[in-house]
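Work through the exercises below with the sequence and the model side by side. Try each task before you read its solution.

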Amino acid sequence: MANQNPIQVGTPQVQTTFQIPATISGNHITLTVRINLNAPGWSYVISNQIYLDGNDIYPTGTPAPSKLLLDTGAALNGKQLMLLTKVTLIYAAGGVTTPPPVYTYTISIDDGATNLGTFTASSVSTYVTNFNSLLLFEQL
């Protein structure tokens, strides 16, 4: 069964199971978050809260994580990953005359050599959008 998109937009997270193949149980699993905003004059500020098995593993006030080490595939078995991201849009080119643009939010989980899952969601057309994800890792 393929891993399902865990991203909820503007609503509380819903737990989904994220399966890790047993063949990569010793590999290090990483998390990357990306924002794709292609709108002239607009920029964004991002705030991430990332908890693995109830422990805060990412400092607030830092850029979106790129290849954040979570643990090995075997060590992640049975653990929850909760990712809360708040994106605030800023219009830096003078007076705003149009609604905020819609952009994409992507999370990727990989083991360095293989992408295990990439999930995308679109923002809502407001200045602040909350993206919420809750995964339960399961080793196959």
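Predicted model: local features only at pLDDT ≥ 70, side-chain atom pairs only at ≥ 80, totals over all residues.

Residues are numbered from 1 along each chain as its sequence is written, and side-chain values use heavy atoms, with hydrogens and water left out.

**Exercise 1. Salt bridges**

Task: Find how many salt bridges the whole structure holds, and describe the one formed by Lys 67.

Solution: 

Step 1. Recall the rule. A salt bridge is a side-chain nitrogen of Lys or Arg within 4 Å of a carboxyl oxygen of Asp or Glu. Side chains of opposite charge can pair when their charged atoms come close.

Step 2. Search. The whole structure gives two salt bridges.

Step 3. Take Lys 67. Its partner is Asp 110, and the closest N and O atoms are 2.9 Å apart. This pair links distant parts of the chain, 43 residues apart. Lys 67 is in the loop between strand 5 (55-56) and strand 6 (68-72), and Asp 110 is in strand 8 (residues 104-110). Strands here are DSSP runs (E, at least two residues), numbered from the N terminus.

Step 4. Check accessibility. Buried means under 20% relative accessible area, exposed over 50%, and partly exposed in between (1.4 Å probe, protein chains only). Lys 67 has 47%, so Lys 67 counts as partly exposed. Asp 110 has 8%, so Asp 110 counts as buried.

Step 5. Take Lys 79 and Asp 71. Their side chains form a salt bridge at 4.0 Å, N to O. Lys 79 is partly exposed at 22%. Asp 71 is also partly exposed, at 27%.

**Exercise 2. Aromatic pairs**

Task: Classify the ring pair Phe 18 and Phe 137, then the pair Tyr 103 and Phe 131.

Solution: 

Step 1. Recall the rule. Rings of Phe, Tyr and Trp (its six-membered ring) pair if their centres lie within 6.5 Å; planes under 30 degrees apart count as stacked, over 60 as edge-to-face and the rest as tilted.

Step 2. Search. The whole structure holds six aromatic pairs.

Step 3. Classify Phe 18 and Phe 137. The ring centres are 5.7 Å apart and the planes stand at 80°, so this pair is edge-to-face. Phe 18 sits in strand 2 (residues 15-20) and Phe 137 in strand 10, 119 residues apart. Both Phe 18 and Phe 137 are buried.

Step 4. Classify Tyr 103 and Phe 131. The centres are 6.2 Å apart and the planes at 65°, so this pair is edge-to-face. Tyr 103 lies in the loop between strand 7 (80-91) and strand 8, and Phe 131 in strand 10, so the pair ties together parts 28 residues apart in sequence. Tyr 103 is buried at 2%. Phe 131 is buried at 0%.

Step 5. Look for a cluster. Phe 18, Phe 119 and Phe 137 form one.

**Exercise 3. Positive phi**

Solution: 

Step 1. Read the angle. Asp 53 has a positive phi of about 55°, although Asp 53 is not a glycine.

Step 2. Locate the residue. Asp 53 is in the loop between strand 4 (42-52) and strand 5. Asp 53 is partly exposed, at 44%.

Step 3. Return to Lys 67. Its phi is near 60°, a positive value in a residue other than glycine.

**Exercise 4. Contacts of one residue**

Task: List the contacts of Val 128, leaving aside its neighbours within four places in sequence.

Solution: 

Step 1. Locate the residue. Val 128 is in strand 10 (residues 128-139). Val 128 is partly exposed, at 37%.

Step 2. Apply the rule. Contact means heavy atoms within 4.5 Å. Val 128 is in contact with Lys 86, Val 87 and Thr 88.

Step 3. Compare sequence and space. Val 128 and Thr 88 are 40 residues apart in sequence, and their C-alpha atoms are 4.5 Å apart.

How values were computed
Helix = DSSP H or I, 4+ residues; strand = E, 2+ residues; numbered from the N terminus.
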